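Student: I would like to learn how to read domains, contacts and ligand surroundings in a model. Where do we start?

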Amino acid sequence: MNDHHWEAARLAAHELGVSIAGTPETVSLHQVSGRFLAADLETRYPLPHCATSAMDGYAVNGPGPWQLLKPLATNPGAGDEQDIAVGEAAAVVTGSLIPQGATSILRVEHSSLEGNVLSTWRDLPCGADIRPAGIEAAEGETLAVAGTLLRAGVIAAAAVSGHDELLVAATPRVHLVFTGDEVITSGRPAPGQVRDGFSPVLPQVVAALGGGECTTTRIGDTLAATIAALDSPAARAAQIIVTTGGTGFSDRDFVRAAARELDGEEVISSIAMRPGHPSMVSRLPGNRLLVALPGNPLAALMALVTVLDPMLRGACGRELEQVHTAVSATDFPALPGRTRLVPARWIASTNELDTLAPAEHVAPAMLRGLAAADAILVVGPEGTSKGAHVSYLGLPW
Ligand SMILES: Nc1nc2c(c(=O)[nH]1)N[C@H]1C(S)=C(S)[C@@H](COP(=O)(O)OP(=O)(O)OC[C@H]3O[C@@H](n4cnc5c(N)ncnc54)[C@H](O)[C@@H]3O)O[C@H]1N2
Ligand code: MOO
């Protein structure tokens, strides 16, 4: 078996994702939540596009007291703003256009009105509470770059900067195949059975990473069932097929053999990582990618972080996530030929960088450590020592 280095596996998976990226599509702002921008988001006009009042009160010209020309404000946009000369004022509300001649806005709570003479006991600097046109952004200024996840803040900014629809990355179609005769989906497992840790989370994780809604199927451990699952109409309609389990070399593991039977080209045979070593990526006919995650639950999720996240990023026009740097709370001895991925927690420290401590219960078949984790330590084969820098990735879900 020819191991891919961990970094090389990530890069290869990202490139494979790029190779299956679909044509970006234009989608209504009301439907873009959770999608990824396919082009930089630029303002269509200056923000704000006209000078407006930031407060309810009075537009005034020069120092007070002022003659109030217009005691009642009209709605912003009514188009009946009145020019004011030095010593004059006109009522405004928040968002009103600034009348010609106004030098500042006097807040209503800082004003007193006797007859039509308006005054204030406060200092009123020139420009106070006037929102000048373009103060937030010029026309054509970039608010978010291609690859940004469209969430509330960006979508709202797109709306107020003049967009009705956005160009978003195409959603790669993903088909999930859960293998294992012993895997049950509810209740208490009998001896030899296990509860399925993948089907309750993989669809959501795939969707969050840009894969949209998945199709899923569950199969037992036979070669025929595995071939049929990789060649079913749903699997043939998908661009990425993800299997769980069956990556090993026992007479009960069929994913590699099934991929070969279907003329798959094994691009990644295994990854020099722990856990997750038997992960496999194959290119199936029809420009479809097979990501085979191991059955051990932590191994599968660390393989997902290593391969599926980069692949979906590539397919959605996003960059590979760069690893970050923290301080290691513990020694990790060298482990020649293996990169370790270890669920970890932030701990209080006085270091210049934040400190990550490995979680407990992080063997390949355990999920307890991941359940408590804030991040994933990435420890190279050379290991690291307490207090030294160490790489980490955020949790992608
Ligand atoms: N002789 C060797 N045995 C194993 C090796 C090895 O190098 N030599 N590698 C080990 C490693 S590392 C891993 S990882 C696993 C890979 O196993 P498979 O991908 O073939 O997966 P299975 O054999 O089908 O299952 C392994 C394990 O995971 C449990 N499982 C499967 N599906 C689920 C699920 N949906 N939810 C929870 N748990 C699941 C399954 O019951 C098994 O216990 O092989 C090692 N063996
Ligand atoms: O590497 Mo396996 O992937 O330890 O469970």
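Tutor: With the division of the protein chain: domain 1 (3–22 + 171–315), domain 2 (25–46 + 136–168), domain 3 (52–131) and domain 4 (324–394). Such bounds come from an automatic or database domain assignment. This is a predicted model, in which local features need pLDDT of at least 70 and side-chain atom pairs count only at pLDDT 80 or more, while totals for chains, interfaces and linings use all residues. Residues are numbered from 1 along each chain as its sequence is written, and chains are lettered from A and ligands numbered from 1 in the order in which they are written.

Student: How many residues does the contact take from domain 1 and from domain 4?

Tutor: Two residues are in contact if their C-beta atoms, placed from the backbone, lie within 7 Å. Here 14 residues come from domain 1 and 14 residues from domain 4. The centres of these domains, taken over C-alpha atoms, are 25 Å apart.

Student: Which elements supply the side of domain 1 that touches domain 4?

Tutor: Helices (H or I, at least four residues) and strands (E, at least two) are DSSP runs, numbered from the N terminus. Strand S21 (273–274) and helix H7 (297–315) each give at least two residues, and H7 has the largest share, six residues.

Student: Which residues surround ligand 2?

Tutor: A residue counts as near a molecule if its C-beta atom, placed from the backbone, lies within 6 Å of it. Around ligand 2 these are Arg274, Pro275, Gly276, His277, Pro278, Pro294, Asn296, Ala299 and Pro364.
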